[in-house]
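Dear colleague,

Please find below the structure for your review. My findings follow directly after it.

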Amino acid sequence: MSLDKNQVRSQFEKFWQHHSYDTTIQGMMLDTKADILAREEQPEIMSYLPEWEKKDVLELGAGIGRFTGLFAQKAHHVVAVDFMESFTKRNREINSIYRNVEFICSDVMHLDFPGDVFDLIFSNWLLQYLANNEIQTILEDMLRWMRVGGYLFCRESCWYQAGDKKKGDDPTHYRNPKEYEDLFCSANVLTEDGLGVYVFEVVMNKKVETYAKLKNMGNQPIWLLKKVMHTTDSQHVT
């Protein structure tokens with residue numbers, strides 16, 4: 001029997017309520033060696049991002065804030081979102097020293113921001129917890145929230161689990177990269193004048209080297225996507 005979307009969201013919430021009692025990096029990454037991984041992975045991930053100094057950043061799936069503080073050090077404003085209250089509380093405890101960070105505890109599917117307010121949206125291990133139709137919705141929301149020329153960074157676990165902690169009844173969608181790429185390519189939003197559409201253009205696609213090096217895993221693809229406009233005559237305007 002298939003589940004409706006409310007049942008699916010409830011399933012993911014119960015899963016993370018079980019795993020979020022431990023607000024350590026091991027609990028958040030579901031890996032007993034998370035501290036070792038993070039030391040190499042964090043600088044690698046940050047090296048793939050476009051310049052965010054004095055820019056507005058939306059961090060989705062912020063967890064306990066292992067990237068939040070890094071963004072806050074240079075960004076104009078950071079909005080850090082996670083749907084686990086314990087993770088959000090811990091993020092606030094760690095990173096409230098930065099006055100330019102706003103902490104929001106919310107399911108991403110319930111977010112509502114004005115249009116054209118973010119230069120960078122950072123999504124780390126988020127889409128794998130959403131159904132395909134939810135991904136389609138959130139990608140189109142992102143296109144609305146981002147400024148033209150802004151970027152979306154996305155990283156997911158494909159094919160199989162990345163962490164070594166037992167997850168029990170795991171509701172995660174371990175898609176193949178092509179499924180994500182098809183979803184990225186299909187997302188579009190009409191321009192204000194109705195004469196074109198905003199879409200994502202792939203700027204970068206590669207695998208996280210830290211996981212290949214330390215865990216012999218090639219299942220951690222990242223994408224850097226840019227918001228561009230396609231006019232009705234198919235010319236690209238960036």
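The accessible surface of the chain in this predicted model amounts to about 11400 Å², and carbon and sulfur atoms account for 50% of that area. The chain has 238 residues, of which 53% count as buried. Its secondary structure consists of eight helices and nine strands. As for how the chain folds back on itself, consider the contacts between residues at least 6 apart in sequence: 68% of these join residues at least 24 apart.

I turn next to one pair of helices. Two packed helices are described by the angle between their axes and the distance between the axes. Helix α6 covers residues 132-145 and helix α7 covers residues 177-186; their axes lie 9 Å apart and form an angle of about 40 degrees. The arrangement of α6 relative to α7 is therefore oblique, since an angle has to be under 35 degrees to count as roughly parallel. The crossing of α6 with α7 is right-handed. On the α6 side, the residues involved are N132, I135, Q136 and L139, and they meet Y180, L183, F184 and S186 of α7. Sorted by class, this contact of α6 with α7 comprises five nonpolar and three polar residues, with no charged ones.

Most residues other than glycine have a negative phi, and most peptide bonds are trans. K54 sits in the loop that links α3 (34-47) to β1 (56-60). Its relative accessibility is 68%, so K54 counts as exposed. The second case is N216, again a residue other than glycine, with a positive phi of about 55 degrees. N216 belongs to the loop between α8 (209-215) and β8 (221-231). With a relative accessibility of 71%, N216 likewise counts as exposed.

- D82 is part of strand β2, which spans residues 77-82. Its relative accessibility is 9%, and D82 therefore counts as buried. The C-alpha atom of D82 is separated by 4.8 Å from that of G61, a residue 21 places away along the chain. Not counting residues up to four places away in sequence, D82 touches G61, A62, G63, F87, T88, I104, C105 and S106.

- P50 is located in the loop between α3 and β1, and K54 is found in the loop between these elements as well. Whereas K54 counts as exposed, P50 is buried, because its relative accessible area of 18% is under the 20% cut-off. Leaving aside neighbours within four places in sequence, P50 is in contact with L120, Y151 and L224. The C-alpha atoms of P50 and G150 are separated by 9.2 Å, although these residues are 100 residues apart along the chain.

- V228 is placed in strand β8. V228 is buried, with a relative accessible area of 0%. Between the C-alpha atoms of V228 and F200 there is a separation of 6.2 Å, with the two residues 28 apart along the chain.

With kind regards

Technical notes:
Residues are numbered from 1 along each chain as its sequence is written. This is a predicted model: local features need pLDDT of at least 70, side-chain atom pairs count only at pLDDT 80 or more; totals for chains, interfaces and linings use all residues. Side-chain values use heavy atoms; hydrogens and water are left out. Axes are lines fitted to C-alpha atoms, for helices over the stretch in contact, and angles run from 0 to 180 degrees between N-to-C directions. Helices (H or I, at least four residues) and strands (E, at least two) are DSSP runs, numbered from the N terminus. Angles under 35 degrees count as roughly parallel, over 145 as roughly antiparallel, 65 to 115 as roughly perpendicular and the rest as oblique. A crossing is left-handed if the near helix is turned anticlockwise from the far one by less than a right angle, and right-handed if clockwise. Contact means heavy atoms within 4.5 Å. Ala, Val, Leu, Ile, Met, Phe, Trp, Tyr, Cys and Pro count as nonpolar, Asp, Glu, Lys and Arg as charged, and the others, Gly among them, as polar. Buried means under 20% relative accessible area, exposed over 50%, partly exposed in between (1.4 Å probe, protein chains only). Accessible areas come from the Shrake-Rupley method with a 1.4 Å probe; for residues, only the protein chains shown count as cover.
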